[in-house]
Amino acid sequence: MHRVIGVYRRLLAHYGPQGWWPGESRFEVIVGALLMHQTSWRNVATAIGNLRRAHLLDMRRLAGATIRPIERHVRVAGLHRSKPARLRAFCRHLIDRADGDLDRYFGRPTGEVRRDLLRQSGVGPETADSILLYAGGHPVFVVDAYTVRIARRLGWLRTDRYDDVQRFFVRNLPVDPSMYGEYHALLVAHAKAFCQPKPRCGPCPLRRVCAFGRDTKRISPSGR
DNA sequence: ACCCAGGTGGCCC
DNA sequence: GGGCCACATGGG
């Protein structure tokens, strides 16, 4: 029995279920994950809405579209020189790897799918794991900058390596994809409220979460 | 006029 | 391996 579970319970009691990942389909979750880099969800949601109105929120349409219209709809999410091309390339990959069938794409061992995801441009560990968990239902704990910040400020860890942080949570939690998804969303909700880069902890439900550890600039990509 | 956002890829040493 | 940097739009 570990603090990690206790914190999960307190966050859930305080913030309630977050209902992540917002999206009407698995494909929409994937699109969101690819657009989410270094951007607010609000702008990603706008971009997804733009694609939908243009009937481009569709794997085969996106795969066959020219860059210019995709770019127009996605511009609001920033980084428009890379995101449209990556989005289209990813759709093309799903089509020639699994004939566009997501059940088939995700229907292999977690490690194999993860390695395949990581080979795609624009897909690093967090994006890969978000897609695995929220679109594929694989039992993978997602780590992001907020996760690392909170865990370090709580004094749980010193490392900032993605794999190490992930291992820490997995070791201390039961294997439960729906709980993983909720926990990750709760950490984001909590960080937005209380764990800004400048430490300031008001009536924080975790109490003194800002008092420990030291923030890292960037998550180190791998553990080996 | 800053700073930040649910990262990633590319350099350099 | 570690340490910077660019990427780009929109909101506080």
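1. Helices α5 (residues 67–74) and α6 (residues 83–98) have axes that come within 9 Å and cross at roughly 120°. Axes here are lines fitted to C-alpha atoms, for helices over the stretch in contact, with angles from 0 to 180 degrees between N-to-C directions. The crossing of α5 past α6 is right-handed (near helix turned clockwise from the far one by less than a right angle). Helices are DSSP runs (H or I, at least four residues), numbered from the N terminus.

2. On the α5 side, the contact uses Ile67, Ile70, Glu71 and Val74; on the α6 side, Lys83, Pro84, Ala85, Leu87 and Arg88. Contact means C-beta atoms, placed from the backbone, within 7 Å. By class there are six nonpolar, no polar and three charged residues. Ala, Val, Leu, Ile, Met, Phe, Trp, Tyr, Cys and Pro count as nonpolar; Asp, Glu, Lys and Arg as charged; the others, Gly among them, as polar.

3. A note on the source. This is a predicted model: local features need pLDDT of at least 70, side-chain atom pairs count only at pLDDT 80 or more, and totals for chains, interfaces and linings use all residues. Residues are numbered from 1 along each chain as its sequence is written, chains are lettered from A and ligands numbered from 1 in the order in which they are written.

4. The largest nonpolar core has 52 residues, and Leu35 and Ile131 touch the most other members. Such a core is a set of buried Ala, Val, Leu, Ile, Met, Phe, Trp, Tyr and Cys residues joined through C-beta atoms within 7 Å. Helix α12 (residues 177–194) gives the most to this core, seven residues. Beyond its neighbours within four places in sequence, Leu35 contacts Val44, Ala47, Val74, Ala77 and Lys83.

5. Val143 sits in the loop between α9 (125–135) and α10 (145–153). Val143 counts as buried because 26 other C-beta atoms lie within 10 Å; the cut-off is 20 or more. Outside four places in sequence, its contacts are Glu126, Val148, Tyr162, Val165, Gln166 and Ile219. The C-alpha atoms of Val143 and His184 are 7.4 Å apart, at a separation of 41 residues along the chain.

6. DNA strand B is surrounded by 25 residues, the closest being His37, Gly124, Thr127, Ala145 and Pro197. Near means a C-beta atom, placed from the backbone, within 6 Å. α9 gives the most to this surface, four residues. The classes are 11 nonpolar, 10 polar and four charged.

7. Around DNA strand C there are 15 residues; Gln38, Val76, Gly78, Leu79 and Arg81 come nearest. Here the classes are two nonpolar, eight polar and five charged.

Key:
Buried ≥ 20, exposed ≤ 12 C-beta atoms within 10 Å, placed from the backbone. Helix = DSSP H or I, 4+ residues; strand = E, 2+ residues; numbered from the N terminus. Contact = placed C-beta atoms within 7 Å.
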